[in-house]
Amino acid sequence: AYRAKHYNNTSELAVAWGSSVYQLAELIDDRLVPAASYVVTESTPATVCSYAFGELPAPGSTAGSYFHPAHVVWVKRAQKVVAKLGRDSAYERLKQYFEKQLQAALAELDSSKWRLHDSFNDDGSVIASGLRTRLDSYWDHFLRGTFGLCVARPDSEYAIIEKEVLQEELTALSDNGAKSSFTLGETSTLLELIVEYERVSMPFSPIEYPVSSRKRLVDDLRARLLAAR
């Protein structure tokens, strides 16, 4: 039910962008677009595999590869770049553009939302090694389909980074959801931050929800904060 509500299978995605399953597979194999966020196996009982959560039991689930509908944005972008530059040059161009957009989003959120001390100095100048580590990690998770699983709007570099930075802030201020004693100021700040984070993140399926950030940093933490008032 969660898959049907939030995701497209390979055939549905191919129809949405007006091409074939074969062409989609080629783009994924060439690392020009993200892989599926979920893969449900044909085994009995079925399991669901994702880069974020590994392999989990999924009895009764329909086998197949599943993509967030926003995946169409990345497919269309890749098609345009391939048509303009050729397949051999497409990977580097797509990666460079993605990283440029990510860096701009990180810089904005560093100055307006949450300091990213590993990537930017106090004057806003870049710390090259720290920023490179972040960009490499984000690109890897992007290609593996992670953001299609956890970001509510994974069709925008800014939306991806907003979710990542809000999670980083919420994790730091709540001791990764484990903090149990709060001042009035901390309670107010965290409740507002939870609302922001809830807006930008996916609800997660019932299968991975028990070990998800949604449970730890939204539902469980908010319950403790409200009880502590």
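**A residue in its setting**

Modeller: Of the 229 residues of the chain, 43% count as buried, where buried means under 20% relative accessible area, exposed over 50% and partly exposed in between, with a 1.4 Å probe and protein chains only. This is a predicted model, in which local features need pLDDT of at least 70 and side-chain atom pairs count only at pLDDT 80 or more, while totals for chains, interfaces and linings use all residues. Residues are numbered from 1 along each chain as its sequence is written, and side-chain values use heavy atoms, with hydrogens and water left out.

The chain has 10 helices and 5 strands; these are DSSP runs numbered from the N terminus, helices being H or I with at least four residues and strands E with at least two. One of the helices, α6, spans residues 128-143 and holds Tyr-138. Tyr-138 has a relative accessible area of 7%, so Tyr-138 is buried.

Leaving aside residues up to four places away in sequence, Tyr-138 touches Phe-98, Leu-102, Leu-106, Phe-147, Ile-161 and Glu-164. Contact here means heavy atoms within 4.5 Å. Glu-99 is 39 residues from Tyr-138 along the chain, yet their C-alpha atoms are separated by 8.7 Å.

Contacts across the sequence can also be counted for the whole chain. Among contacts with a separation of 6 or more, 66% are between residues 24 or more positions apart. The C-alpha atoms of the chain fill a box of roughly 55 × 50 × 25 Å along the principal axes.
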